[in-house]
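Subject: Structure for you to look over

Dear colleague,

I am passing on the structure we spoke about, with its sequence.

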Amino acid sequence: MTISVRKAAAAAALSAALAGCGGGTGTSDAGREARMGTHAASAPASAAPSAAAPAPPSASAAPQAGAPYRAPTMAPGPNGLTPVFERAKQHSDKTVALTFDADMTSDQGPRAADGEHFDNPQLISTLRTLKVPSTIFMTGRWAEEYPDQAKSIGTDANFEIANHSYSHHAFKSPCYGLPSLDGAAARADVDRAFEAFRKAGAVNTVPYFRFPGGCYDDQALRALSTAKVTAVQWDVVSGDAFAKDPDAVAEQVLAGVKPGSVVVMHCTRSAAPVTEEAIRKIVPELRKRGYRFVKVSELIGK
């Protein structure tokens, strides 16, 4: 099967199964311009804390609840729209950010109670073993379902936790059949997710947001403007959602990665069962090609 066919098959599976996170939709001209916002001034890890922009502690710092500090963000786009980051502007540095969406919708509690696994502890363990800095885009509902794991990830300097909404409902409609939220509800949903991370004891949180399904428009960007977050999309779709062939996932990622890339993958066993196996193929090959793995915060900070 050729890479292009695999990409088409992955995209179809993504859409059909409400995976959404590996999809994405176009935006209006103003929305596209929001992506061009310049980086806001950022402070080093040792700088004074910023209540509006929590971020992960340094590797040498002992995480302490309630002690967030500043992470790099982008300046607002036109008319104050939330800025959107897709790939590092400096394309000469062979860095790549692997991102993992920890998806769970607000109504999937009964399925979890029946034994469905929305977590993937083996994937997290492998990322630790391979020493791959990663950004986990977590829903608040996921953090509530797996508080011990959320705390473990959120107090490990190898990771940073970003916001993937609380409910995994759409911020723009239509979006892969997801229920949609209006502006006020969308803004509250983001706050609720950050609060779920805090209650779980996660410290390494950053002011980044990923739209469920990757679906957004100017209205969604405007609704989030007061949240002071940078929206993070991607330029490489892994195709891991509902995939059964880890080699195909690895091949698709390896074919798409460029310097400064952001790769979207999933941290959900039931929806992405071969991601961990694919990672064990992707990481050594990219390192062999001279790539260095970084968190999204490092790409945005360039």
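This is a predicted model: local features need pLDDT of at least 70, side-chain atom pairs count only at pLDDT 80 or more; totals for chains, interfaces and linings use all residues.

I begin with strand β2, which covers residues 95-102. Eight of its eight residues are buried, so β2 is largely enclosed by the rest of the structure. In a regular strand the side chains alternate between the two faces of the sheet.

The pairing of β2 involves several strands, and the sense is parallel with β8, with β3 and with β9. With strand β8 (residues 261-266) the pairing extends over six bridges, and within it L98 stands opposite V263. With strand β3 (residues 134-138) there are four bridges, and here the bridge partner of T99 is T135. Strand β9 (residues 292-293) is joined to β2 by two bridges, with R292 of β9 standing opposite T95.

Turning to the helices, α10 (residues 275-288) packs with α4 (residues 121-129), the angle being about 15 degrees and the axes lying 9 Å apart. Because angles under 35 degrees count as roughly parallel, α4 and α10 are described as roughly parallel to each other. The crossing in which α4 passes α10 is right-handed. On the α4 side the contact is made by Q122, L123, T126 and L127, and on the α10 side by T275, E276, I279 and R280; sorted by class, these are three nonpolar, three polar and two charged residues.

Helix α10 also meets helix α9 (residues 246-256), where the axes come within 8 Å and cross at roughly 35 degrees, and this crossing, too, is right-handed. The residues in contact are P246, D247, V249, A250, V253 and L254 from α9, together with E277, A278, K281, I282, E285 and L286 from α10. By class, this contact of α9 with α10 has eight nonpolar and four charged residues, with no polar ones.

With best regards

Notes
Residues are numbered from 1 along each chain as its sequence is written. Side-chain values use heavy atoms; hydrogens and water are left out. Axes are lines fitted to C-alpha atoms, for helices over the stretch in contact, and angles run from 0 to 180 degrees between N-to-C directions. Angles under 35 degrees count as roughly parallel, over 145 as roughly antiparallel, 65 to 115 as roughly perpendicular and the rest as oblique. A crossing is left-handed if the near helix is turned anticlockwise from the far one by less than a right angle, and right-handed if clockwise. Contact means heavy atoms within 4.5 Å. Ala, Val, Leu, Ile, Met, Phe, Trp, Tyr, Cys and Pro count as nonpolar, Asp, Glu, Lys and Arg as charged, and the others, Gly among them, as polar. Buried means under 20% relative accessible area, exposed over 50%, partly exposed in between (1.4 Å probe, protein chains only). Two strands pair if DSSP finds at least two bridges between them.
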